[in-house]
Amino acid sequence: MEVGELLEGCLRAAEVPQSTQVSELVRLQYCCCRESLCAELASLLQEAMEMKWPFVPEKWQYKQSISPTDKTNLSDLISKHIHQLLDLLKTSIMAQEAQTSLAVVFLMDRFLYWTDESSRLLKITKLLHKQHPDTPIAPQLVIRQARVFLNAGKLQKAESILSNLIYKNGTTGCWVYRCDSDKVLVQAVSVQVRGMVLQKLGLWLQAAELIWASLVGFYSLPQPDKKGIGTSLGLLANILVSMNDEDFHAFRTNPDIDIPSLLGNARSHRLLSAAQAAKMSVVYSQYTSLYVLTNVVCNTLSGITHGASKYH
């Protein structure tokens with residue numbers, strides 16, 4: 001069966017009113033699905049259930065020295081076992097094992113977002129939350145809803161979710177943070193996506209300031225978040241290409257923004273700063289998918305070429 005069909009089956013299972021008793025057959029199916037997971041997936045699932053991280057981390061994301069085994073992305077593992085995970089999601093829903101269900105949703109979230117299946121996955125999340133309100137939902141899933149609203153042009157709804165996370169210091173339902181730096185990470189991502197909302201509105205200066213704030217957050221973590229830094233640098237590059245020179249002057253003379261500390265001598269020119277940010281984005285994001293890297297580089301280089309042509 002296709003992923004979409006299996007996901008639809010999970011959604012239908014979540015829509016069924018919960019009974020007071022789970023049959024032995026359903027429980028057996030659930031246990032078999034869970035026990036059939038490979039060791040790596042089983043470990044990730046357990047860590048997700050224990051709220052070990054607010055975002056599922058890539059192996060390379062927080063490491064200074066990268067080994068060959070660290071270079072693979074989580075999406076490769078999820079893609080390989082997606083049917084198995086969807087079977088586990090369905091059986092765990094039927095067995096009323098909401099903690100397992102939401103942990104599986106958490107693990108699959110990023111992969112299904114890139115395959116354009118977030119809408120159904122988030123519907124399942126909402127139904128599970130309604131039936132089991134005391135079961136924690138990962139901040140990654142809350143921010144995913146904001147991203148989906150952003151992509152759909154529902155900017156006010158996206159802004160509402162992000163503002164709530166920012167002003168409540170990352171607090172979301174029953175989720176328990178392991179350390180304060182995890183809250184900083186959630187706030188940094190929330191600010192980053194909020195910057196994307198302003199970028200969508202064409203508020204280039206305000207968007208750049210928020211993206212810069214997210215970079216400060218990512219760099220301030222005990223182990224800087226390479227994935228977050230790479231994404232924010234790519235966004236900053238595109239924003240710098242789009243803004244006018246007056247906004248750029250206001251941005252680079254803002255006393256809270258120290259461009260030389262990050263972009264070096266490129267700060268004197270908007271397009272040079274954009275090029276340097278794009279270059280650094282590629283370095284920080286070298287293990288992310290080719291699609292993401294191509295998007296950042298092509299969009300930025302296209303804008304720089306167009307902008308540079310005005311000076312000749």
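The structure is a predicted model, with local features requiring pLDDT of at least 70 and side-chain atom pairs counted only at pLDDT 80 or more, while totals for chains, interfaces and linings use all residues. Numbering runs from 1 along each chain as its sequence is written, and side-chain values use heavy atoms, with hydrogens and water left out.

Start with the overall picture. Of its 312 residues, 50% count as buried, where buried means under 20% relative accessible area, exposed over 50% and partly exposed in between (1.4 Å probe, protein chains only). Among contacts (heavy atoms within 4.5 Å) with a separation of 6 or more, 72% are between residues 24 or more positions apart. The chain exposes about 15300 Å², and carbon and sulfur atoms supply 55% of that; the areas come from the Shrake-Rupley method with a 1.4 Å probe, and for residues only the protein chains shown count as cover.

Now for the inside. The largest nonpolar core holds 94 residues, and Ile-78, Met-108, Ile-124 and Phe-251 touch the most other members. Helix H6 gives the largest share of this core, nine residues. A core here is a set of buried Ala, Val, Leu, Ile, Met, Phe, Trp, Tyr and Cys residues joined through side-chain atoms within 4.5 Å. Leaving aside neighbours within four places in sequence, Ile-124 is in contact with Leu-7, Cys-10, Leu-11, Ala-14, Leu-89 and Ile-93.

Helix H3 (residues 39–49) also has its buried side: Leu-41, Leu-44, Leu-45, Glu-47, Ala-48 and Met-49. Their cover includes helices H2 (24–35), H4 (74–80), H5 (82–94) and H6 (98–114). Just after H3, Met-51 takes a positive phi of about 55°.

Aromatic rings come next. Rings of Phe, Tyr and Trp (its six-membered ring) pair if their centres lie within 6.5 Å, with planes under 30 degrees apart called stacked, over 60 edge-to-face and the rest tilted. That rule gives five aromatic pairs. Trp-212 and Phe-251 make an edge-to-face pair, because their ring centres are 6.1 Å apart and their planes sit at 80°. This pair links distant parts of the chain, with Trp-212 in helix H11 (residues 204–220) and Phe-251 in helix H13 (residues 245–252), 39 residues apart. Both partners are buried. Elsewhere, ring pairs join Trp-53, Phe-106 and Trp-175 into a cluster.

Gln-140, in helix H8 (residues 139–151), counts as buried because its relative accessibility is 3%. Its side chain reaches the backbone nitrogen of Val-56 at 2.8 Å and makes a polar contact with the side chain of Asp-109 (2.8 Å). A polar contact is a pair of N or O atoms within 3.5 Å; within protein, one must be able to donate a hydrogen and the other to accept it, and residues adjacent in sequence count only if both atoms are side-chain atoms. Arg-194 of helix H10 (residues 180–200) is buried as well, at 18% relative accessibility.

Key:
Helices (H or I, at least four residues) and strands (E, at least two) are DSSP runs, numbered from the N terminus.
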